[in-house]
Amino acid sequence: MEKPFVYADNAATTNVSDNALNTMLPYLKEQYGNPSSIYTLGMDAAKAVLNARRQVAEALGAARPSEIFFTSGGSEADNLAIKSAAEFGAKNGKRHIITTNIEHHAILHTCEYLENHGFEVTYLPADEDGIVSAEQVENAIREDTAIVSVMAINNEIGSILPIEEIGAVCRKKGVLFHTDAVQAIGHQHFDLKNMNIDMLSLSGHKFHSPKGVGALYVRTGTPLESLIHGGAQERGKRAGTENVAGIAAMGVAISDAVECIDERNIRLAKMRDRLIDGILSGIPYSRLNGGRERRSAGNVNISFRGIEGESLILALDIKGIAASSGSACTSGSIDPSHVLTAIGLNEELAKGSLRLTLGDGNTDEDIDYILEVLPETIKRLRSMSPMWQRICREEGIPDYTV
């Protein structure tokens, strides 16, 4: 019998949809012109970029297509937003940045870079549910604050942050507000004409577009400094020949992603809740990371005592289940997840985490299979784990919980 395969790592990446693939193929073969060229082949490519810019703007509820700047992905968009605001702020004596301690490393490492170049960064602490409040942001804003950056949905624990309220605070205080919305597209409604968001980052491969293409929304009137120099592309703000095929595909993919957000969230939340309840009731000494109320519809993040996340991911892979761990094993890091430690987990629990993220392709049968495989996998790994044996000895846990 063929081994089942369950893909449960949609927060890491998604497959390219048929619509996105069919849209991009002509721009790889027949319509391969450079959009900066003035002959017909180039003009056709330029039209494709313009059409995708319009599609992204409409999907986000932006006021005009010119507010969309294409990038290579979410990390570049985050860098462009933060470094641009910092550079502009420094010209006006503002060298203070506010963010949170649970941001993606694209934000955290950019802020660390700026700290090494004379900026001061305030890292607001998230609570045990992974939430940072608008009140925390308001209390942290100073006269010299250049930008506030708070993610829309956390990539590890799925916490949904109050970005509309935070944006309102920033608007009242006259401070630029950026949100990393990489995990939010297709799961959260945006109407940027009526939201107090000055800049927003997104990445196409999170919603069935190819890897290597993303965008930064920049509200009209918001200052934007160039990050990449060398050409006049993207109105002189991002040099380099455009990834026409990827951009065209992303335009179609984001249009598809926002068509049925509510229906998608209802379907995914039902599977998510069944998965959470099944794991917590079926596997002793497990805990949910993050809250249940303000949680992305497809996110499950659970820690298991006495387990190393890397071993669990590899064991599940053998069974045909693709997932991830908060211990960042694929990056080569041996450190526990900064998000999980930020919400209060100790190193042992943070390293024993499992993230399952559901998407359009997942079914109830996938949930059944995970709930069938995971308990026996945990039991087997614990039976071989010196850490689990030590916990049992120290806490008097009987053998039947192994």
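I began with the spacing of the two domains and found their centres, taken over C-alpha atoms, to be 29 Å apart for domain 1 and domain 2. I note at the outset that this is a predicted model. The domain assignment that I consulted gives domain 1 as 6-12 + 261-395 and domain 2 as 18-257.

**Entry: the interface**

I next looked up how many residues of each domain take part in the contact. On the side of domain 1 there are 24 residues, and these are in contact with 31 residues of domain 2. I then turned to the area. In general, the size of an interface is often given as the accessible area lost when the parts come together. For domain 1 and domain 2 I recorded a buried area of about 2200 Å², with 47% of it on carbon and sulfur atoms. I261, R294 and H338 supply 28% of the area that domain 1 buries against domain 2, more than any other three residues.

**Entry: polar and charged pairs across the interface**

I searched the interface of domain 1 and domain 2 for salt bridges, and the rule finds zero. For polar contacts, the rule finds 17 residue pairs across this interface, counting pairs with both residues at pLDDT 80 or more.

I then asked which elements give two or more residues to the side of domain 1 that touches domain 2. They are helix 8 (261-282), strand 10 (299-304) and helix 10 (338-342). Helix 8 provides the largest share of that side, five residues. Sorted by class, the side of domain 1 that touches domain 2 holds eight nonpolar, 10 polar and six charged residues.

**Entry: P223**

I located P223 in the loop between strand 8 (214-218) and helix 7 (244-257). Leaving aside neighbours within four places in sequence, I found P223 in contact with S84, F88 and L176. P223 and L176 are 47 residues apart along the chain, and their C-alpha atoms are separated by 9.6 Å.

**Entry: the whole chain**

I counted 13 helices and 12 strands in the secondary structure of the protein chain. The C-alpha atoms fill a box of roughly 75 × 55 × 35 Å along the principal axes. I compared the radius of gyration with the globule rule: because the chain has 402 residues, a compact globule would have a radius near 21 Å, and the 22 Å of the protein chain agrees with this.

How values were computed
Residues numbered from 1 in each chain as written. Predicted model: local features only at pLDDT ≥ 70, side-chain atom pairs only at ≥ 80, totals over all residues. Heavy atoms only, no water. Domains from an automatic or database assignment. Contact = heavy atoms within 4.5 Å. Buried area = accessible area lost by both parts, 1.4 Å probe. Salt bridge = Lys/Arg side-chain N within 4 Å of Asp/Glu carboxyl O. Polar contact = N/O pair within 3.5 Å; in protein donor to acceptor, adjacent residues only side chain to side chain. Helix = DSSP H or I, 4+ residues; strand = E, 2+ residues; numbered from the N terminus. Nonpolar A, V, L, I, M, F, W, Y, C, P; charged D, E, K, R; others polar. Rg over C-alpha atoms; globule rule 2.2 N^0.38 Å.
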